Each structure stands twice: as C-alpha cells, then as structure tokens.
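Please look over the sequence and the structure before reading on. The paragraphs below lead through a few of the contacts that can be found there.

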Amino acid sequence: MRSQGLTLSHTPASGVTCDNEGRVIGLDLSEESIFGGLENSTSLFSLQHLQKLNLADNDFNFVIPPSGFSKLLKLTYLNLSFARFGGQIPIEISHLTRLVTLDLSNNYDFSTGGGLKLENPNLSIRQLYLEDVSITAEGQEWCNALLPLRDLQELSMSQCGLSGPLDSSLTRLKNLSLIILDENDFSSPVPETFANFKNLTTLRLASCGLTGRFPQKIFQIETLSVIDISYNYNLHGFFQDFPLNGSLQTIRVSNTSFSGALPHSIGYLTHLSELDLSFCQFNGTLPNSLSNLTKLSNLDLSHNSLTGPMPSFGMANKLTHLDLSHNALSGSIPSSLFTLPLLQRIDLSHNQFSQLDEIVNVSSSALVILHLNSNNLSGPFPESIFHLTALSHLDLSSNKFHGFVQLNKLLKLRNLTTLDLSHNNLSFDENVRDVDSPSFPNIRNLILVSCNLKTFPGFLRNISTTLRNLDLSNNQIQGIVPNWIWRLETLFELNISNNLLTDLEGPMQNLTSTLVTLDLHKNQIQSGKLPDKYFRTWKKMMHDEDQVVSEFIHEVTTGSSYYQDSVTVVNKGLQMDLVKILTVFTSIDFSSNYFEGPIPREIMNFKALHVLNLSNNALSGEIPPSIGNLKQLESLDLSHNSLGGEIPVQLASLTFLSYLNLSFNHLVGKIPTGTQLQLCPASSFEGNDGLYGPPLDDEKPDTKNQGLSPQQACRRLACSIDWNFISAEVGFVSGLGIFIGPLLFLKQWRVWYWQLVNKILCFIFPQLYLEYVTRRGQTYTVLRWWY
C-alpha cells in the first residue's frame, strides 16, 4: 500500500478475507493512513467477488467517491465513514442491489463547511448510516425519500441538516429497530404514530428542537432499550406506569420540560443502567423502588424539585455516578452509599440534608469525588471521611459542621486535588508543619473561606507545586502577607480578601509570574505606594488574550473524575461567582486598603486584564494615558481616591469596557465625547467637581465664583457610614480627648509622656539608645540607631 493513492500489492494480510476458492470477499483497510484519492481504474474495483469493504478512518482529501463502486455488484457492506470524502455521492452506488449496510457518516469538512451530499437517495438497504452527511431534502421530502427502503432496519442521520416537521409517514418503515436523528432542527412535535414501531430498540432525538407533549405510549414499547430525547427545552411530558419487566436500559430526558412525580413502577425497569432526568421539572418524593435497580450505573436527577429522603442504594453494586444535587432532599445520607464498590462520584450538594451517617467499612472504596456542599449538615467534622483514601475532590462547604479539624489526618488524603471546607464553624491547627513532604502532593484548589483562620496555615509552606487556586478570604488572618506565598510557582488565583492584613512582607521579587487573579480587597494594608517593581515579573498578565492558553480556569472531565472551577470576584460593581469558566479571566482587586501614590504604570502593560479594582484607597496623580493598552478590560473601578487631572481620551478606546466608576476623585475637564463613556450613568463621575460634559452637565463649572474648596482625599471607606461601629467610635473619641487634653495644655504631662515612649522604644528595639544634643543653647534628648 502507498500513502498517496491506493494499490493492492502490499495490502496487509490481516485485513483480507478469502473464500474457499481463494477469492477476496472481504477487505478491511480502515486506519491505514491512506492519503489521496481513489481512481475508477484502481485494481480495487476489479475484485468482483468482494462482499465487504471498509475504508473508514483514512484521508481521501474530500474527493468525490468514484463511480467505480458500481462494479462491485456483490457488495453487501460498504463503510466510508471518517474517510474525508466530499462532494455528491455517486448515483451508481444505488445500483448495488445486494447492499445491506452503507456507512457514509462523519465526512464533514469543518474548515470549509462542506462534506458528502446525498440527493434523491434510491437504495435498497437495511442499514443506513449518514451522520454528518448534508441532505438537501427539506420538510416531508426527506421522509418520503426513505419510504422505498421497505426493509430498512437501522437509520442513523444525526447532524444531517434535516428540517421539520418530523413526519408520521416514517412509521411506514415498520421494520425500523434503530432511529438516530440527533441534532437536526425539526421544530415540531413527535408524531403519536411513533409508538407503532413494534421492533424499535433505540430512539435518539436529542437536540432536535422538539415541541409539544411527548407521546407517553413510546415508553410502553416492549422492545425499547435506549431512548434519548434530551436537550429539547420546549418538549413537555411526564411518566406514567412503566411496563413490568421492561427492556429499557437507558433513559435520557435531561434539559426538557418534563414534570410530575416519578412513578413507583420505575422500579420495574430492572435492566436500567442509565437514568438521566437532570435539569427538568420533576417534583415529589423519590420512590423507594429505585433501590430495585441493581444494574444502575449512572443516576442523574439533579436540578429538579424533588423532596423527601433519599432511598437506599445499598444493592446498586454497579453504580458509578450518583448526582442528586440542586433539589430539596432532606433527612440523612446513608452510610451504605459509601460501601458501593464501583461508586466514583457522589454529588448531593444544594439540598437540605441534615445528617451524615458515620462512614464505615470503606477500605476498598473507589470514591473519587464527594460533593456535600450547601446542605444543613451539622455536628462535628466527619473524621470518617479520612478513610476515603481515593478521594480527589472533597467539598463540604456551606454546612453547619463544627469543631476541630485534625490537619495531620486530613493531609493523609494524598490524592486530593480539590478541597473546600468553606463556610462552616470549624477550627484548625494552623501551625502544623511536621508532615511528610510535600503536603497534598496533587492539590490544585484549596478553598478555606470563612474558616475562622487567624494566621496563614503553616502547612502551606510545604504545599506542592501543583496549587492553582488558593482562597483564604473572609477569615481573621492578621499581620503581614508572608513572602513565601508569592513563591508558589503554579499559583493562578489568590484571594486573601476580607481579612485583617496590614502589610506585604518584602522583598517580593519572586512574585509568581503565573498569577492571573489577585484579590486583596477589604484589608488594612498600609504599604504606602503600590509595589510597582513587583508587577514587572507578572508575565501572565502581559500576554494578549489570544496568546493566553485557557488553563487556569478549566473543566476536567475524565472517565473517573469531574470538577469545574469557580472564582468569586467583584466585577462591574457587584460580587459574583464565576462558575465553569472556559476562557482566561484575569482580575486585580486591591480595593478598600490604604495604598497611596500614583497608579503603577506597569499595570498598564497587563493586556490580558479583565477586571481592575483600586477603589477606596488614597491613590493620587493622574490616570495614565497608557490605560488604552488594556484592550480586554471589562470593568474599571478607581472610585474614592484622590486622582486628579483629566480623563485620558485613551480610556474611551476600550471597546469591551462595560462598567466604569471614577466617582469621588479630583478629576477635571470635559469627559471625552463621541464614545461609549456617554453611556455610563452620571454616578460613574459624581464627586469630581471639575468634570463636565455628558452624562454630567454640559457647562464648565466656575470654581472661582462658587468658591469651591478642594475635596478631601477619600480614604478607605471614608465616604460611607458603618452604623455598627458608631457607639464604639464615640467612646473612643471621648476617651482619646480625656487623654490628649492634658498633653496639650500641661507641659509636665508632655515631658513625662515622651520619656515613657522613649523607654518603651528602647526596650523593644535594643539598637536604639538615648543621646543628649545641645543646639542654640538648648539641650534635647534624641533617639539614635546603633549600626
């Protein structure tokens, strides 16, 4: 065989079948890397006794299939799938009167939108596979074109560009056992006559735009084993009684408008292996008869309105995936669930479960993903989870667990890639360091939001180099941000907002250049100027959007695991949770701190930046004109600072900018006109007495005549009143006045006070010492530092 074209001189013997007389009757050339075309004169078409021919999975460069196939009169099986043929299928193929199986599927050219085309088919076959073949017939025409195929048993025409309505004439093909018509646009109801297919085993009509009410009698077909009508959002229906000892093995009704309660008779489907009713409108309680489905491997009832307790699945030994999330289920989570030998994924999140039974006898558990978040689970932290050593994803967030978490035991879950214990009433031994190296060797997402942390957990120093997302926000962490946290080499997201942090430990030259989301807002950081020199190493932000690979926020789906990342950011003035993010989303939030000085010009090189929030600080200077470099910027908040000068016209060139807040600064001049800035509300510019022009007043303010005084710098949260602290502030001011009053008016008090301060400083810093200095006849006491 040659890579260019085709000859039979070197055909592999393993793909050749001969009869007793040595004549070639079968030829399998699939996946042989054949490239080029087939000529009508090729020796292939001289094999007059050939019955089966398979050319699948090759590359014929979208050439038209040759008419020479008509010479193979004894051909019963022809497979040209995934072979990159193109153009009109030769009418000569219809002359193959003995042809039983024809597979022309998946020859679509995604680069040009072309592929195989079939017009006026006239074939006498029993198995017809035409996936991704462009069918020019419309409406009832394509149904009528199939009617001559009276012996047709299997019909597969998914993604053929067929249009509706789905015609009842198709039921004249009484021998049909397999109907696959996924991803066509029928925009019509399913005919009631489809229930008349007495031999039907497979019916797949997913993503077809089906409407109306689905015929209930189709579920009663005794031979039916697979039905998939998912992703037909306007298709309504419900389940009546299922037949006793039915043949159904797969039911997919997800993302439809099916509703009602699940009947007890669903337990009759003893052959059922997959049941997917997710994203529908089912309600009521789960029938206990679900425990009869011993062959069930995949059960997904998520995103419905189901209530009541969860039935026991103790006999479902083949169950691998269980998803009952986003319902209103209550009661306890049975421990027998964790003993199922093949179960890999459990998602019971977003329900009302109140109790987790003790997990026992799970030494051989295969469980990889456990999501119990957003329930009402209470009691001490369930230490029995430590026995699930195969766990990769553990999410217990947003429950009512309390007590002490033994990190030494938790760290033994060596396979963990995601751990979320947020929003519980837990406490940790934050100084655990003596653990095997490294801690959590595979961890990618560590989320400990609102966990009563008061310091950075010590084990983080020994964390592995796989960490992508670290969220310690909404805790009570005090003091400085340690330098080692910037040296986590693979860190993409860092959120330490809403803590009591006061400073950044330096030097920070090793700031990881992979970081794309950094959130420090609502702390008490008083580092003065923003650390501009550290931004220079932040290479990830400097890439153009189309050059940044979407790798830090991702969805991972494998045969044994599934997880989708999320991140909480303050974007466009609102706090939002971004879930299932499939493109790079970069964010910097330094708001509500005590940063001073100008906006670092290095930030203006962050071409991949989507969100920049520096509000509620004491920043000064002008908005850099180089802000026009931030072409991907969607949200910019510089409000409540002391910025001056005019709004740079380059800001108006940011076409993706949909939220802007420059309020309460010292900006002057006319707002750039003829741009999208005029679409911003006036509140985006208020508090700048020198600004004018739409959306503010058109007239230039006369500050001389009005006698306006310069606006005071608006420090962190100085423009708002927190009534929770009014009483404390009044008491503090009163006490301070009692203490400072004597210092202002009594010299003896002042001398005593500074002597005491000097002694305290010398005690704290041994390098300090007192020295007496005489200047102009006066003797002073000064503090000096011993080098």
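What follows takes up aromatic pairs, then a sheet, and then salt bridges.

This is a predicted model, in which local features need pLDDT of at least 70 and side-chain atom pairs count only at pLDDT 80 or more, while totals for chains, interfaces and linings use all residues. Residues are numbered from 1 along each chain as its sequence is written, and side-chain values use heavy atoms, with hydrogens and water left out.

The structure holds 13 aromatic pairs, where rings of Phe, Tyr and Trp (its six-membered ring) pair if their centres lie within 6.5 Å, and planes under 30 degrees apart count as stacked, over 60 as edge-to-face and the rest as tilted. One of them joins Tyr231 and Tyr233 edge-to-face, with 6.3 Å from centre to centre and 85° between the planes. Tyr231 is partly exposed at 40% relative accessibility, whereas Tyr233 is exposed at 51% (buried means under 20% relative accessible area, exposed over 50%, and partly exposed in between, with a 1.4 Å probe and protein chains only). Phe239 and Phe282, by contrast, form a stacked pair, 5.6 Å centre to centre with 15° between the planes. Because Phe239 lies in the loop between strand E15 (234-237) and strand E16 (250-252) while Phe282 lies in strand E19 (residues 281-285), this pair ties together parts that are 43 residues apart in sequence; helices (H or I, at least four residues) and strands (E, at least two) are DSSP runs, numbered from the N terminus.

Strand E29 (residues 400-405) pairs with E31 in the parallel sense over four bridges, and Val405 stands opposite Phe428 in E31.

The structure also holds eight salt bridges, each a side-chain nitrogen of Lys or Arg within 4 Å of a carboxyl oxygen of Asp or Glu. In one of them, the closest N and O atoms of Arg252 and Glu274 are 2.9 Å apart. Arg252 lies in strand E16 and Glu274 in strand E18 (residues 274-276), so the pair ties together parts that are 22 residues apart in sequence. Arg252 is partly exposed, with a relative accessible area of 26%, whereas Glu274 is buried at 17%.

Technical notes. Two strands pair if DSSP finds at least two bridges between them.
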